[in-house]
Amino acid sequence: MRIATRRVLAADAEPPSTDELQDLQRLYRGAIQQLIPRVEDAAFVLPRDDVPRACALAGIGEARRRLDERPAPGLPAGIAHAQRLARSVNALLGHAENLRLRVPAR
């Protein structure tokens with residue numbers, strides 16, 4: 001998934017077509033929806049004052065907010081939305097790594 005997020009986050013990334021953008025948004029949304037419960041389950045077994053737990057739960061909250069967002073019309077707004085989703089994917093993957101979760105490669 002980290003490779004897939006580079007498609008919209010890399011500094012030299014070419015803007016995707018409208019169809020590709022929709023595919024990427026679906027891919028990122030699906031990854032977020034799969035990662036949230038796994039990271040959340042791993043975080044909740046940690047003590048309440050555990051820093052990785054707090055960070056993971058904050059990242060989950062942000063990812064949920066981004067799932068609820070709807071991009072404004074137009075390709076630039078759609079790309080910005082995909083970038084936000086991709087950043088949440090990367091953040092959740094980082095939290096999964098910090099919590100020692102095994103995340104299957106896609």
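Modeller: Before we start, one term: buried means under 20% relative accessible area, exposed means over 50%, and partly exposed lies in between, using a 1.4 Å probe and protein chains only.

Colleague: Thanks! So is Ser 88 buried or exposed?

Modeller: Ser 88 has 3% relative accessibility, so it counts as buried. Keep in mind that this is a predicted model, where local features need pLDDT of at least 70, side-chain atom pairs count only at pLDDT 80 or more, and totals for chains, interfaces and linings use all residues. Residues are numbered from 1 along each chain as its sequence is written, and side-chain values use heavy atoms, leaving out hydrogens and water.

Colleague: Got it. Which helix is Ser 88 in?

Modeller: Ser 88 sits in helix H4. Helices here are DSSP runs of H or I with at least four residues, strands are runs of E with at least two, and both are numbered from the N terminus.

Colleague: And what is Ser 88 in contact with?

Modeller: Leaving aside neighbours within four places in sequence, Ser 88 is in contact with Ile 32, Glu 62, Ala 63 and Arg 66. Contact means heavy atoms within 4.5 Å.

Colleague: Let's switch to helix pairs. At what angle do H3 and H4 pack?

Modeller: The angle is about 155 degrees, and the axes are 9 Å apart. Axes are lines fitted to C-alpha atoms, for helices over the stretch in contact, and angles run from 0 to 180 degrees between N-to-C directions. H3 and H4 are therefore roughly antiparallel. For that label, angles over 145 degrees count as roughly antiparallel, under 35 as roughly parallel, 65 to 115 as roughly perpendicular, and the rest as oblique.

Colleague: What about H1 and H4?

Modeller: Helix H1, residues 2–9, packs with H4 at about 150 degrees, with axes 9 Å apart. H1 and H4 are therefore roughly antiparallel to each other too.

Colleague: Which residues of H1 meet H4?

Modeller: Arg 2, Thr 5, Val 8 and Leu 9 do, and their partners in H4 include Ala 82, Val 89 and Leu 93.

Colleague: New topic: how many residues are in the largest nonpolar core?

Modeller: There are 25, and Tyr 28, Ile 32, Ile 36, Val 89 and Leu 92 touch the most other members. Helices H2 (18–44), H3 (51–68) and H4 (75–98) each supply at least two residues of this core, and the largest share, ten residues, comes from H2. A nonpolar core is a set of buried Ala, Val, Leu, Ile, Met, Phe, Trp, Tyr and Cys residues joined through side-chain atoms within 4.5 Å.
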